[in-house]
Amino acid sequence: MQHVGDALLGAEATLLLHERYPRLTVGVRALLKSALIENVTLAQLAQAYEMPAHILTSAAQESSLQNNIGVQACVFEAYLATIYDEKGGEALRSFLRDIFEPLLSILVDALRQIYSGDAPESSSPNTNYVGQLSEWSTQKGTSGRRVDYSTPERSAGPSHAPSWQITCTVS
């Protein structure tokens with residue numbers, strides 16, 4: 001069910017952005033959509049609806065699964081698919097728009113700050129630097145900008161939560 005919810009979520013976020021901000025460039029819309037549907041956002045929504053407490057698991061895995069951002073996001077996406085299956089597309093659309101419409105103006109203002117140079121000096125731990133670099137390297141009217149990434153290498157951590165290291169070269 002999660003994959004269905006993921007697809008429906010992506011489509012609805014795309015339509016909402018297109019309808020509310022039809023003059024935004026595709027790249028900016030992609031950044032906004034990414035912020036709306038990223039796992040951190042979905043996990044926060046799952047937490048707001050107290051979904052992690054309803055994840056059924058063994059006692060040994062309860063804490064790690066109920067506190068895992070990826071799992072929380074998947075549960076939220078599965079919930080979206082359930083709304084669609086049980087109540088239909090309009091109910092899902094209404095549910096998502098009630099959540100996302102208030103966030104859109106905040107996200108648009110945040111992007112304006114970033115691109116106007118008025119961004120605060122401290123950054124959020126959830127900042128999508130990879131997306132920002134990708135956007136920077138493909139901006140219309142520029143050439144010679146390049147971002148390359150090395151092959152990820154596992155650097156530490158337990159098997160259920162490994163740490164990875166990657167090198168980014170910007171030219």
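**Figure 1. Phe 95 as a buried aromatic residue.** Phe 95 counts as buried, because its relative accessibility of 15% falls under the 20% cut-off. The view is taken from a predicted model. Phe 95 forms an edge-to-face pair with Tyr 79, since the planes of the two rings stand at 65°, over the limit of 60 degrees for this class. The ring centres of Tyr 79 and Phe 95 are 5.8 Å apart. This pair joins distant parts of the chain, with Tyr 79 in helix 5 and Phe 95 in helix 6, 16 residues apart. Tyr 79 is itself partly exposed, at a relative accessible area of 35%.

**Figure 2. The tilted pair of Tyr 49 and Phe 95.** In one of them, Tyr 49 and Phe 95 lie 5.6 Å apart, centre to centre, with 50° between the ring planes, a tilted arrangement. The partners come from distant parts of the chain, 46 residues apart: Tyr 49 sits in the loop between helix 3 and helix 4 (62-66), whereas Phe 95 belongs to helix 6. Tyr 49 is partly exposed, with a relative accessible area of 40%, while Phe 95 is buried at 15%. Ring pairs link Tyr 49, Phe 76, Tyr 79 and Phe 95 into a cluster.

Figure 3. In soluble globular proteins, nonpolar side chains tend to be buried together.

**Figure 4. Surroundings of Leu 96.** With neighbours within four places in sequence set aside, Leu 96 is in contact with Leu 9, Glu 12 and Leu 80.

**Figure 5. Setting of the close-up views in the whole protein.** The C-alpha trace spans about 50 × 45 × 25 Å along its principal axes. Of the 171 residues, 25% are buried. Among contacts with a separation of 6 or more, 54% are between residues 24 or more positions apart. The protein exposes about 11100 Å², and carbon and sulfur atoms supply 54% of this area.

Key: Residues numbered from 1 in each chain as written. Predicted model: local features only at pLDDT ≥ 70, side-chain atom pairs only at ≥ 80, totals over all residues. Heavy atoms only, no water. Contact = heavy atoms within 4.5 Å. Phe/Tyr/Trp six-rings, centres within 6.5 Å; stacked < 30°, edge-to-face > 60°. Helix = DSSP H or I, 4+ residues; strand = E, 2+ residues; numbered from the N terminus. Buried < 20%, exposed > 50% of the residue type's maximum accessible area, 1.4 Å probe, protein only. Areas by Shrake-Rupley, 256 points an atom, 1.4 Å probe, with all protein chains shown as cover.
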